[in-house]
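These are my notebook entries on what I looked up in one structure, kept in the order in which I worked.

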Amino acid sequence: MSIARPTRRREDRRFLTGGGRYADDIDLPGQAFATFVRSPHAHGRIRGMELDAARSAPGVLGLYVAADLEAAGIGPIPYLPMPKFPLATQIDAPRPVLAAGRVRHVGEPVVLVVAETLAEAQDAAELVGLDIDALPAVAGTAAAVEPGAPAVWDEAPDNVGLTWRGGDQAASDAAFSRAAHVTRLRLVNNRVVANPIEPRTCIASYEEASESWQLIAASQGVQYMLRVLCEHTLRAPRERMLVFTHDVGGAFGVKEQPYPEDIAILHAARMLGRPVKWRGTRTEHLLSDNHARDSVLDAALALDAEGGFLAVRLEVLNAMGAYYSVHGPFVIIRNTTNGLPLVYRTPAIDVTVKLVLSNTASTGPYRGAGREAAAYVMERLVDQAARETGRDPIALRRQNLIPTEAMPYRSPSGRLYDSGDFARVLDRALELADWEGFAARERASAAAGLIRGRGLCSFLECVGGLLYESADIRFNEADGIDMVVATQSSGQGHETSFAQLVAHRLGVPEEAVRLQQGDSRDVPRGLASIASRSMLMAGSAISLACDTVIEKGRRAAAHLLEVAEADLEFGDGEFRIAGTDRGIALLDLARRLRMEGGLPEGMPASLDSTGDFDTEELNFPNGCHVCEVEIDPMTGTIRVARYTAVDDVGVAINPMIVHGQVQGGVAQGLGQALMEHIVYDPEGQLLSASFMDYAVPRATDVPDLAVGLVEVPARSNPLGVKGAGESGVSGSLAAVMNAVADALARAGAVPEIDMPATPEKVWRALQRKAGAA
C-alpha cells in the first residue's frame, strides 16, 4: 500500500456498469417539472408578456417572472471578490435569475413554467408571448469597444467594466526602450465552452415547517454553492439550505457556481409546496451556461542583443459577456498575470486588462482558467522571436530558463516559485519526442505531399484557488474509514487517489477506505474542486488528519497495552511495542475505543480526526509539451501526428490517474486549438447552439500521446504535490499552434494564425506567402 504507484480507478466499475447516480437519475415523490422561456433577442426592452394562455394550459402549476422573485426577496447572482485580491469593477453587472426590464443575450431566461409533466411545461412555454423591443446589440469583443458600439449597460457606455493594470510599468518601459529586438503579436484566445457529458439538472424542494430548502444539483463543491445561494442570492441562513451533489459527469469549471435555473426552481418549490425538477438540454447549455476564454491579446517581448528576455507586455480585451459570472472578472486578471512570464528569467512584466461587456453569455472559469492564456501568449512570443532573430527556439529557451539553484524564485508577478527543474523537464520532453529525428519525419511527410511542422510549449501554472481546506477521518461501525471532504469529484478519480493516500499513511487496506462528499449537512470547512486544488488542498488536509489519527492512536494504544508512548512504533497499520511482537492494529484499536468505557481523562474516545490545511502560497505545476502536425496544402486539413507531454506535478500520488488527467486536458486543448469555437453573428444570434455546429474532438482527432513525469516535490505542502488537472490544456494550446505556425513558415507562408486553426484558415494562410504585397 503506497502512493506513487499506478492503481486502477475503483469508481470506474460502478460507472461502466450503470451504477452511477447523477442528478437526472433522481426523482422525488410528487415532483413537478420546469422549463424556461428564453429571450430570442440579444438585446431588448421587455415591454410586456402574455401569460394567461400558458397559465390556463393543461397541467400548468405556476408561471414565474422577475417581479415574483424580487417580491420574494431573491437577489441576482453576484460576482464575488477573491480574498487578498480586491477588485472593484467600475459598474455592477450581476446576473439576474430572470430577466427584468431588459434582456442582454440570446437564451437569457425570462419566464419559468412549472407543470405536472415536462411535456405539459414545454407545451405551455410555447404559449407565452414575449413583447420585446429589440435594441442594437454587439457580440464581438473587439467590436464592443469600438467608438459608437451599442452599450450593453447604460452605466458603461464604452462597454468596459474595469481597466486593471499590474506589474511594473516603469521597469517595462525602460526595458523596451533599451531592447535590441521587440517581438509583437496580436492573438485571439477564442471563445469556447466546456461540454461535460452530463448537462446540468437540478431538483429543488421546500419544507414549510422548517422554512428550509433542499437542492440536488451537479456541482464542484456544495460549500461553494451554499455560499453563493445563502449569503448573496436567497439571503437566508445556511442552516435553511441543504445542497446535495452525487456523481458528476464532468465539470471543468462550468459547474462551480449556481445558475439562474437553480435559483428559480428553488423559488417555485417554495411557492408550490412540492419538488420541482429542471433538466437542461445541450442547446440550453450552449446558450446560457458560462462560456470561456474570448480575449484579444496584444503581446510584446523585449530581448537584448544576446537574446536575453528583458520584459513582457500584455494588453488584454477580455469578454465578460452581458453579466459577470461569480468569478469571471478574476480569471484573466489574476491567473494570467500570476502565470507570466512562465519558466523564464524576465525582470519585468506589464499587464493591462479591460473587462469587456457584450451581448453574449457570461464567461467564467474553464480548465486552464486564464493560466492557459499566459502560456499561450508567452510561448507564441518565444517561437516568433526565434524566427525573427534567426535563433534556435530550443537554445533561446535554454538560455532564459530559471535555473534550479535559483529556487525559491520570486517572479516579477510577485509569485514565489518554491520548486522546479525546468531544464530537466525540457530535456526529457525533447528526448521523449525524438526532437532530433524530426528532419527524417519531415522528409517523409514531404514525399507524401504534406507539410510537417513542430512546436513546443514550456509552461508553468499558478494553482490552488482559495488556500484553505479541511478533511475528516472517521472510523465507522463496519471497521472501515470514512474520509469526508468538501471537494467534489467529477471524473478525476478522487475515490481512488484519496483512498490510496489514507491507506498509505495509515497502513490499512485501500478497500477499507470510503470517500464521502457532496452533502452540505456533513462536509468540513472547504471550497470546491477548482484550480487543480483537490489533492493539493484536500489531500494535504487528509494527510494532516492522518497525522492526528496516529498521534491519538499512540496515546490510546499505550494505555491499552500498558506501555509508555515512547515504546510504541507505528507501521503497516499497527502500533507495536518496540523489540517485541506485541501490538494492536489500528482498525482493531478504533473498534476497542468504540466499545471501551471508563477511559481515563485525556484519553481519546475515538480516533476520529480533522485535518486543517492553510497555506499562503499558490503551487506551480509545470511542463513541456511537444507537438508535430501534418498539413495537407490542398485542403488545409491538419493532422496531429505526434504529441508528447512531460509534466512536473510534484509527487504523483497515482501516476495512472495523472496520465489520464494530462491526456484529457490535451484533448480539450486540441479541440480549442483546431476546431472549437462559440460563434455569434454581429446581431448576437448564436450560430453554434448544437453539436451540429460546435465541433468537439473525436477519438480520431487525438493521437496516441507519449506522457512522462518529472517529479520535483513542492515544498509548500506536506505531500509535495503541485496539481495536475489543467496542465494538459495549458501546455497544448501553444504547442499545437506553434507547430501549425512552424509548418506555415516552412512552406514560405506568413506564420500568423489564430485559434481555431480550421482547414479554411490554414488554406488561406498558405496562400499568403511571406514577403507578398
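Entry one, helix 7. I began with what surrounds this helix in the predicted model, and I found that the buried residues of helix 7 pack against strand 10 (212–217), strand 11 (241–244) and helix 8 (260–272). Which residues of helix 7 are buried? I listed Val-222, Gln-223, Tyr-224, Met-225, Leu-226, Val-228, Leu-229, Cys-230 and Thr-233. Because nine of the twelve residues of helix 7 are buried, I noted that the helix is largely enclosed by the rest of the structure. I then looked up the span of helix 7, which covers residues 222–233, and from its first C-alpha to its last it reaches 15 Å, close to the 16 Å expected at 1.5 Å a residue.

Entry two, positive phi angles. I went on to the stretch that comes after helix 7, where I came to Arg-235, whose phi is positive. The place of Arg-235 is in the loop between helix 7 and strand 11, and its phi is about 55° although Arg-235 is not a glycine. Is Arg-235 buried or exposed? I found a relative accessible area of 53% for Arg-235, and since exposed means over 50%, Arg-235 counts as exposed.

I also looked up Ser-532, which has a positive phi of about 55° although it is not a glycine. Ser-532 is found in the loop between strand 21 (513–516) and helix 16 (534–561). At 13% relative accessibility, Ser-532 counts as buried, because the cut-off for buried is under 20%.

Where did I find cis peptide bonds, and which residues do they join? One of them joins Met-407 and Pro-408, with omega about -5°, and I placed Pro-408 in the loop between helix 12 (393–400) and strand 16 (409–410). Another joins Met-755 and Pro-756, where omega is about -10°, and Pro-756 lies in the loop between helix 19 (727–746) and helix 20 (759–767).

Entry four, cavities. Rolling a probe the size of a water molecule over the atoms shows where empty space is left. How many cavities of 30 Å³ or more does a search of the whole structure find? I wrote down four, and I looked into two of them, starting with the largest cavity, which holds about 110 Å³ of space. Of the 15 residues that line the largest cavity, Ala-292, Arg-293, Asn-318, Val-331 and Gly-364 are the closest to its centre. The elements that give two or more residues to this lining are strand 14 (309–321) and helix 10 (328–339), and the largest share, three residues, comes from helix 10. Sorted by class, the lining of the largest cavity has seven nonpolar, six polar and two charged residues.

I then turned to the second largest cavity, which has a volume of about 90 Å³. This cavity is lined by 15 residues, and those nearest its centre are Phe-15, Asp-247, Ser-489, Ser-490 and Gly-491. Which element gives the most to the lining of the second largest cavity? I found that helix 1 (residues 11–16) does, with three residues. By class, I recorded two nonpolar, eight polar and five charged residues in the lining of the second largest cavity.

Key
Residues numbered from 1 in each chain as written. Predicted model: local features only at pLDDT ≥ 70, side-chain atom pairs only at ≥ 80, totals over all residues. Heavy atoms only, no water. 1 Å grid on protein atoms, 1.4 Å probe; cavity = no way out; pocket = protein on both sides within 12 Å on 5 of 7 lines; lining within 4 Å. Points joined across faces, edges and corners; volume = space filled by probe spheres on them. Helix = DSSP H or I, 4+ residues; strand = E, 2+ residues; numbered from the N terminus. Nonpolar A, V, L, I, M, F, W, Y, C, P; charged D, E, K, R; others polar. Expected span 1.5 Å × (residues − 1). Buried < 20%, exposed > 50% of the residue type's maximum accessible area, 1.4 Å probe, protein only. Contact = heavy atoms within 4.5 Å.
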